[in-house]
Each structure stands twice: as C-alpha cells, then as structure tokens.
Amino acid sequence: MTQETKVKVKLVRSPIGTQESHRATVRGLGLRGVNSVSELQDTPAVRGMINKISYLVKII
C-alpha cells in the first residue's frame with residue numbers, strides 16, 4: 001500500500017485585485033476566505049497551482 005503524500009495550503013492574502021486566473025486557481029485549490037486551509041494530494045498539478053499563486057498562499 002502506497003503512502004499518499006498530502007500538502008496543506010493556507011490562504012494568507014486576499015485574492016481581491018489579482019488576475020482572474022489567479023482567483024480561479026485559489027478556488028480550484030479549495031480555498032475560500034483568508035486563513036482558510038486546504039489539504040490536497042501532492043501532485044505536480046497541485047504544485048504548479050501553488051507555485052502560480054505563491055504570493056497569496058503559505059504551505060503549512
């Protein structure tokens with residue numbers, strides 16, 4: 001049985017005033033309001049999304 005690695009992401013800045021694609025990425029990661037936390041599978045796609053909005057989120 002393989003161990004699925006998870007990554008926890010916290011929204012630390014408001015996406016208001018950012019590009020629409022960045023706001024869509026925030027929603028795609030399952031983040032809603034500031035300080036919301038989402039636990040996701042650690043995949044290259046998720047890592048790319050986190051990298052795209054790295055100035056809005058923090059990995060915890």
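I began with R27, which counts as exposed at 53% relative accessibility (buried means under 20% relative accessible area, exposed over 50%, partly exposed in between, with a 1.4 Å probe and protein chains only). I was reading a predicted model, where local features need pLDDT of at least 70, side-chain atom pairs count only at pLDDT 80 or more, and totals for chains, interfaces and linings use all residues. Residues are numbered from 1 along each chain as its sequence is written, and side-chain values use heavy atoms, with hydrogens and water left out.

Next I looked up the partner of R27: its side chain meets that of E20 in a salt bridge, 3.3 Å from N to O (a side-chain nitrogen of Lys or Arg within 4 Å of a carboxyl oxygen of Asp or Glu). E20 also pairs with R23, with the closest N and O atoms 2.7 Å apart. That links E20, R23 and R27 in a network. E20 is partly exposed at 44%, and R23 is partly exposed at 25%.

Then I turned to helix α1, residues 20-28 (helices are DSSP runs of H or I, at least four residues, and strands are runs of E, at least two, numbered from the N terminus). H22, T25 and V26 are buried there. Seen down the axis, the buried residues of α1 fall within an arc of 100°, so they line one face (the arc is that of the directions from the helix axis to the C-beta atoms). R27 and G28 sit exposed on the face turned away.

Last, I noted the salt bridge of R47 with D42, at 2.7 Å between the closest N and O atoms.
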